[in-house]
Amino acid sequence: MFERFTKEARRVVTGAVGQAEGMGARRVDPEHLLLGLLEQEGSRASFALAALGLGERKESVRRAVREAHRRAGLSRAETDALAGLGIDVTDIVARVEAAHGVGAMAAGRAGAEPKSGHRPFGKGAKDILVCALRTAVTHRDRRIGDEHLLLALTLRPGIAAEILADHGVTYEALTRVLYGTGEAAAG
């Protein structure tokens, strides 16, 4: 599949691996792909994000990703569900961090460094790559670009989609910007 990736999409993937390493994560997750997308300049995805007003708010996205990782990778929907059961995730994070230091619950930090020295892609990130392929096919694009990765991030439930939606970046808004339509979701 990677042979179908544009150079921009390959840079996103490489950037995601770097983001995972920088955060001390054992694997590459969808949030790392999102952070890799934020690094892009002059690509279709970067223009779409700028058109939707995210260009000036990249630091807000980075902060939201860091906060989600402090909560052990739980999305807001998951923390709300736990709150409904009487479990205060914010309180738990505060207690764990008081005892073990800031970031002690950070998602993907447990265990030893991968033997090969590189970060494997987690299931969520792999799902995003497959969804990007399907999205490219749906739009009759021959190559998988960074815009397809961005569209895929909005389609798959989780932290990345939640953060993007909080910043006004949805599948529908992206398809209007990228294709001038409001087509149905792929994948």
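## Overall make-up

The model is predicted, with pLDDT of at least 70 needed for local features and 80 or more for side-chain atom pairs, while totals for chains, interfaces and linings use all residues. Residues are numbered from 1 along each chain as its sequence is written, and side-chain values use heavy atoms, with hydrogens and water left out.

Of the 187 residues of the chain, 42% count as buried, where buried means under 20% relative accessible area, exposed over 50% and partly exposed in between, for a 1.4 Å probe and protein chains only. Among contacts (heavy atoms within 4.5 Å) between residues at least 6 apart in sequence, 66% join residues at least 24 apart.

## The pair H8 and H9

Helix H8 (residues 146–155) packs against helix H9 (residues 159–166) at an angle of about 95°, and their axes are 7 Å apart; axes here are lines fitted to C-alpha atoms, for helices over the stretch in contact, and angles run from 0 to 180 degrees between N-to-C directions. That angle makes H8 roughly perpendicular to H9, the class that covers 65 to 115 degrees, with under 35 counted as roughly parallel, over 145 as roughly antiparallel and the rest as oblique.

On the H8 side the residues that meet H9 are Leu 150, Leu 153 and Thr 154, and their counterparts in H9 are Ala 160, Ala 161 and Leu 164. By class, the contact of H8 with H9 has five nonpolar, one polar and no charged residues, with Ala, Val, Leu, Ile, Met, Phe, Trp, Tyr, Cys and Pro taken as nonpolar, Asp, Glu, Lys and Arg as charged, and the others, Gly among them, as polar.

## Helix H2 and two buried residues

Helix H2 is mostly covered, since nine of its nine residues are buried, among them Pro 30, Glu 31, His 32 and Gly 36. The buried residues of H2 pack against helix H1 (7–22), helix H3 (44–51), helix H4 (58–70), H7, H8 and H9.

Val 12 lies in helix H1 and counts as buried at 0% relative accessibility. Leaving aside its neighbours within four places in sequence, Val 12 is in contact with Leu 33, Gly 36, Leu 37, Gln 40, Asp 146 and Leu 149; Val 12 and Asp 146 are 134 residues apart in sequence and 6.9 Å apart in space, C-alpha to C-alpha.

Ala 152, placed in helix H8, is also buried, with a relative accessible area of 0%. Beyond its neighbours within four places in sequence, Ala 152 is in contact with Ile 128, Cys 131 and Ala 132, and its C-alpha is 8.5 Å from that of Val 130, 22 residues away in sequence.

## The largest pocket

The largest pocket has a volume of about 240 Å³ and is lined by 19 residues, of which Pro 30, Glu 31, Gly 124, Pro 157 and Gly 158 lie nearest its centre. The elements that give two or more residues to this lining are helix H2 (30–38), helix H7 (123–138) and H9, and H7 gives the most, with four residues. The lining residues divide into seven nonpolar, five polar and seven charged.

On a 1 Å grid over the protein atoms alone, a pocket is an open set of points where a 1.4 Å probe fits, with protein on both sides within 12 Å along at least five of seven lines, and lining residues have an atom within 4 Å of a point. Grid points are joined across faces, edges and corners, and a volume is the space filled by probe spheres set on the points.
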